[in-house]
Amino acid sequence: MTNSAQDAPVATIDGVPTLVGARCTTCETHTFPRQDACPRCGAATVTQALPTMGSVWSWTVQRFEPKAPYRGPVGFEPFAVAYVDLGPVRVESTLGGRAVEDWNIDDGVRLVADDIDESGHSWRYHFEKSAS
Ligand SMILES: [Zn+2]
């Protein structure tokens, strides 16, 4: 199986890196990552750009290096991982840009995409505290 850019979780839409999920055509359930069929009712889905701003729904700190196939930075450091509430869906993501112990539930966050390729797609993203 090969991963094409079109399968990447981040696409640049109107110049803004955006998570791409799916929306059920029948019951409006949103999913991320994308799923071809709705996990709630089984109907077909369509591709759906997700909000780029949200809030920390819950979070924890990963304090030990995950086993393979984890491919994080060499020289492991604890990192925060969260469910980010984007409104229609909660997504799992790492948090960045501040010390792990500084996060709070309901903190406002914004999507940050890393390693965006020439087609505007990315496989790596995290959320950072938003300005407001
Ligand atoms: Zn559905």
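Colleague: In which strand is the place of valine 16?
Modeller: This is a predicted model, in which local features need pLDDT of at least 70, side-chain atom pairs count only at pLDDT 80 or more, and totals for chains, interfaces and linings use all residues. Residues are numbered from 1 along each chain as its sequence is written. Strands are DSSP runs of E, at least two residues long, numbered from the N terminus. Valine 16 lies in residues 16-24, which form strand 2.

Colleague: Is valine 16 buried or exposed?
Modeller: A residue is buried if 20 or more other C-beta atoms, placed from the backbone, lie within 10 Å of its own, exposed if 12 or fewer, and partly exposed in between. Valine 16 has 12 C-beta neighbours inside 10 Å, so it counts as exposed.

Colleague: Which strands make up the closed barrel?
Modeller: Two strands pair if DSSP finds at least two bridges between them. Strand 6 is joined in turn to strand 7 (residues 90-96) by six antiparallel bridges. The closed barrel has five strands with mixed pairing, in the order 5-6-7-10-8.

Colleague: Which residue in strand 7 is the bridge partner of alanine 82?
Modeller: Alanine 82 belongs to strand 6, where it stands opposite tryptophan 59. Strand 6 also pairs with strand 7. There, the bridge partner of alanine 82 is serine 93.

Technical notes:
Helices (H or I, at least four residues) and strands (E, at least two) are DSSP runs, numbered from the N terminus.
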